[in-house]
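Good morning, and thank you for coming. Please look at the structure on the screen while I describe how its parts are arranged.

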Protein chains: 2
Amino acid sequence: MRDVAVVGVGLTKFGERWGDSFREMCVEAGVKAIDDAGMDGDDIQEMFVGNMSGGRFVLQEHIGALIADYSGLATNHIPATRTEAACASGGLAFRQAVNCIASGAQDIVIAAGVEKMTDVSGGETTDALAGAADREWEGMYGVTFPSLYAMMARDYMNRYGMTREELAQVAVKNHYNGARNPIAQYQKEITIDTVLNSTLVADPLRLMDCSPVTDGAAAVILCSLERAKEFTDCPVQVLASTQASDTISLHDRRDISTLDATVAAANRAFDIAKIERKDVDLVEVHDCFTIAEICAIEDIGFCKKGEAGKLTAEGYTALDGKLPVNTSGGLKACGHPVGATGIKQVCEVVSQLRGEAGKRQVDGAEIGMTHNVGGTGATVVTSIFRRV
Amino acid sequence: MRDVAVVGVGLTKFGERWGDSFREMCVEAGVKAIDDAGMDGDDIQEMFVGNMSGGRFVLQEHIGALIADYSGLATNHIPATRTEAACASGGLAFRQAVNCIASGAQDIVIAAGVEKMTDVSGGETTDALAGAADREWEGMYGVTFPSLYAMMARDYMNRYGMTREELAQVAVKNHYNGARNPIAQYQKEITIDTVLNSTLVADPLRLMDCSPVTDGAAAVILCSLERAKEFTDCPVQVLASTQASDTISLHDRRDISTLDATVAAANRAFDIAKIERKDVDLVEVHDCFTIAEICAIEDIGFCKKGEAGKLTAEGYTALDGKLPVNTSGGLKACGHPVGATGIKQVCEVVSQLRGEAGKRQVDGAEIGMTHNVGGTGATVVTSIFRRV
């Protein structure tokens, strides 16, 4: 298997993009990534697009061909594949693209992610998102995603004694970072009181514990490490990209506040990358809810179970902390266009490793990681990157 | 890249499966494939599932993890990826699985396809299927799939002089084959009069020109050719699996009755397989409508443009003809559970090459081919197989 590098990244502004369509956003991100790699669209040999629910949100399936067509790449008849694993759809697209280059099947591949969530009503959005859970054994009984993560949070707080304030600090930190990210949906700092006084959504989770409904797209260009210098002075190598599954229903897990798929994917990733947890300079984790970031930090193995709340409160995961987590603002502040999130995480880590992250730059970052979750953890994709 | 073989196939009965759920059907097909390969579920290292519109048909996304879970494979945390390209979703799953083995990334992989289409009303089904076309420039103006293929048929008949009777013979032939396939939705022979007297759907296409709405699932097990003999006495080698894209809208094509994606995918497949068209003993093509089979035979390159109608009427593509086409009964008679079709085609070709196709067996078949189309041809997957 060949070594693989990211040589171009592209992001749209995340937010409520009333004036822009699904396809326009995805093409915008793709064109930016192609420009960033200093290449031509005709150089692209294959495309993967992560999207969760185009069928429900914009009544559109056949997403790969649609994006290939509207980006002008269908004239070359390139293979264009949509991948889907709910909120990990983007992570899947990235991993398939990595494998496509690693195998030698293609030389230059684009991986994109896109979601347009605001064209339907709030109730329809919530119901579409419930399609990430088990429709027959969770959704049909009225379970929504905030309620599933609320159960995880309640269980976690009971078992490990994390305080409500420690949990709130996840949102405070991510809004601090988002305020330094020009594409973030919310570029506004908040306090612990903002979180504690926000509307209760599903006890103990409040509005400010939840990632928002977002439109947006992201794209990255990959090629073999060998050829990377043709396109950029600062290639970022993909040391590993791994994927794991678990039960789709939360109630079937052995432990509802440990994501075994995160544990499995992360263990494999560190084995393949041949680095230690302590070598990681920054990580983008899947904070669809504040509790998800707490679980992720522990399940990846950065600390023991039960410690992440305290570490967060102490600033360990802050922008100037020992392990900056979600420098982009995370799903919480940067926004969560579900199919795009896994690719956006890669864009953020690559920008950081290139030293191009502006006001949120982590000094001297050399190794970064991404962690993308589908549903309550039935799919997890983790990837590890190194500045070359 | 390593040589790849199919060592197990599994199919459910196709039809209106009122009593069986989406997940049950997919697991049924998977278990049959695993049994057929004489292996254990724990041998499976990765899964790809083709599905077009679980979000619309059964309100379920996150299909890969769902199927991994309900087939008991999530306990090993295997990667499980859903692929989607409308009616070519199964073909995509197959190609990704082939690449996964060819690259050496995994040793044993399952590719499945599934669709449950009868749990929603007819209007909802038609609208969900319209998501395979361009929603903004086709679907929003009331275009449905029968009407798109009717335009292709009208254009084709005007240009090449094919008669209505020649077109009808496609359905007659496929029902003849379907009557010899125990899993087919319609196991009943018809005549040209049956087709010509059936209800007009979209002129010139009548009800008996159209593939039905179907529930069903299919699965295949792949491994390296080197290891194939561990699992079967009769491995079937995958000589090539290629994918191509085209404009999603029919009106953007240079020629609406030639599928350029079929031409591109087939040319690449024959180049990679290093065989000639005349070497192919049988082919499963994507006959979502009778006209689609006519175009496919020509666009793959088995005859010149304009000749397929006459060849069909003369029996060239019949079960005992020179090139048997759609021995399974095709989408027309075997049924078309859209996400499953691309995998079902592989199951049929493998059964034929093993000599296990019963009453529809093509004597001495050594090389077979599949051709799976998304939408009106925005995605095409072609694969070529050889008995080892």
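In this predicted model, the domain assignment divides chain A into two parts. Domain 1 covers residues 4-121 together with 214-236, and domain 2 covers 132-209 together with 238-387. Each domain is therefore given as two stretches of the chain, with bounds that come from the assignment. The C-alpha centres of domain 1 and domain 2 of chain A are 23 Å apart.

How many residues of each domain are in contact with the other? On the domain 1 side of chain A there are 38, and on the domain 2 side there are 35.

Let us consider the side of domain 1 that touches domain 2. Four elements of chain A each supply at least two of its residues: strand S1 (4-11), helix H4 (89-102), strand S4 (108-115) and strand S7 (216-224). The largest share, 8 residues, comes from H4(A). By class, this side of domain 1 has 25 nonpolar, 9 polar and 4 charged residues.

I now turn to H4(A) and its packing against helix H14 of chain A, residues 338-354. The two axes are 5 Å apart, at an angle of about 50 degrees. Because of that angle, H4(A) is oblique to H14(A).

Which residues make this contact? From H4(A) they are Ser89(A), Gly90(A), Gly91(A), Ala93(A) and Phe94(A). From H14(A) they are Val338(A), Gly339(A), Ala340(A), Thr341(A), Gly342(A), Ile343(A) and Val346(A). The contact of H4(A) with H14(A) comprises 6 nonpolar and 6 polar residues, and no charged residues.

Thank you for your attention.

Key
Residues numbered from 1 in each chain as written. Chains lettered and ligands numbered in written order. Predicted model: local features only at pLDDT ≥ 70, side-chain atom pairs only at ≥ 80, totals over all residues. Contact = placed C-beta atoms within 7 Å. Nonpolar A, V, L, I, M, F, W, Y, C, P; charged D, E, K, R; others polar. Axes fitted to C-alpha atoms, helices over the stretch in contact; angles between N-to-C directions. Parallel < 35°, antiparallel > 145°, perpendicular 65-115°, else oblique.
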